[in-house]
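Let's take a friendly walk through a few backbone and packing details. Have your viewer ready and follow along.

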Amino acid sequence: IEPKEPVKDGFFFFFWSTTADGTAGVWDYSTDKMPDQPITLYAQFGIAPVTVDPINPGDSCLSGTGIPGNTVEITDGEGNLIDTIIIGQDGKWEYCEAQPGSPDDLEITQVNPDGNESIPVIIHTVNFDTNGGTEAIASIYVVENSTVSIPTDEITKPGYTFDGWSSSVDGSSGAYDFTTPITSTITLYA
């Protein structure tokens, strides 16, 4: 029987582990078996992740909320530090140097003054390729496991009728399902 998640002021419960430092990994109540002798499970805590505001086409800044005085670290998809931002006393942060697609992926982590880190919020680029159409559509950042909205821009191409978006350049993958959660950087083709 899994116990109720413990609460620790200013921290977020991550998981139970058989080692105090969590190096043994997650104790999975649905698959792990109790040994013949008693064991101790240790609660593993970290600080809560920052929130990232919804990102809309044309937005020039990433923004969100966190714990005032903590730091937001922004890294690329390979762990290279891009920038750090101090969360304001109002709990808000903003970063206006990001351009979707450069880099493709971002990780946004909150770090408290003691060096404790949150689970990162992962952001991916969604590119829109009009496949020779008359209107370019800007790439956008999308928080992992969220969805992207259907672009409302009108796309025209002489001799063609716009039929929707696909994840393959020739449309062979069929119409893109905009209810699909984004889990990596993708390009959608007109």
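What follows visits a handful of residues, one after another.

This is a predicted model, in which local features need pLDDT of at least 70, side-chain atom pairs count only at pLDDT 80 or more, and totals for chains, interfaces and linings use all residues. Residues are numbered from 1 along each chain as its sequence is written, and side-chain values use heavy atoms, with hydrogens and water left out.

Let's begin with a strand. Ser63 sits in strand 4, residues 62-65; strands are DSSP runs of E with at least two residues, numbered from the N terminus. Ser63 is buried, at a relative accessible area of 19%, where buried means under 20%, exposed over 50% and partly exposed in between, using a 1.4 Å probe and protein chains only. Setting aside neighbours within four places in sequence, Ser63 is in contact with Thr51, Val52, Asp53, Trp93 and Glu94; contact here means heavy atoms within 4.5 Å.

Next come two asparagines. Asn131 lies in the loop between strand 9 (121-129) and strand 10 (137-143), and its phi is near 55°, a positive value in a residue other than glycine. Asn145 belongs to the loop between strand 10 and strand 11 (186-189); phi of Asn145 is also positive, near 70°. How accessible are they? Asn131 is partly exposed, with a relative accessible area of 24%, while Asn145 is exposed, with 52%.

Key: Helices (H or I, at least four residues) and strands (E, at least two) are DSSP runs, numbered from the N terminus.
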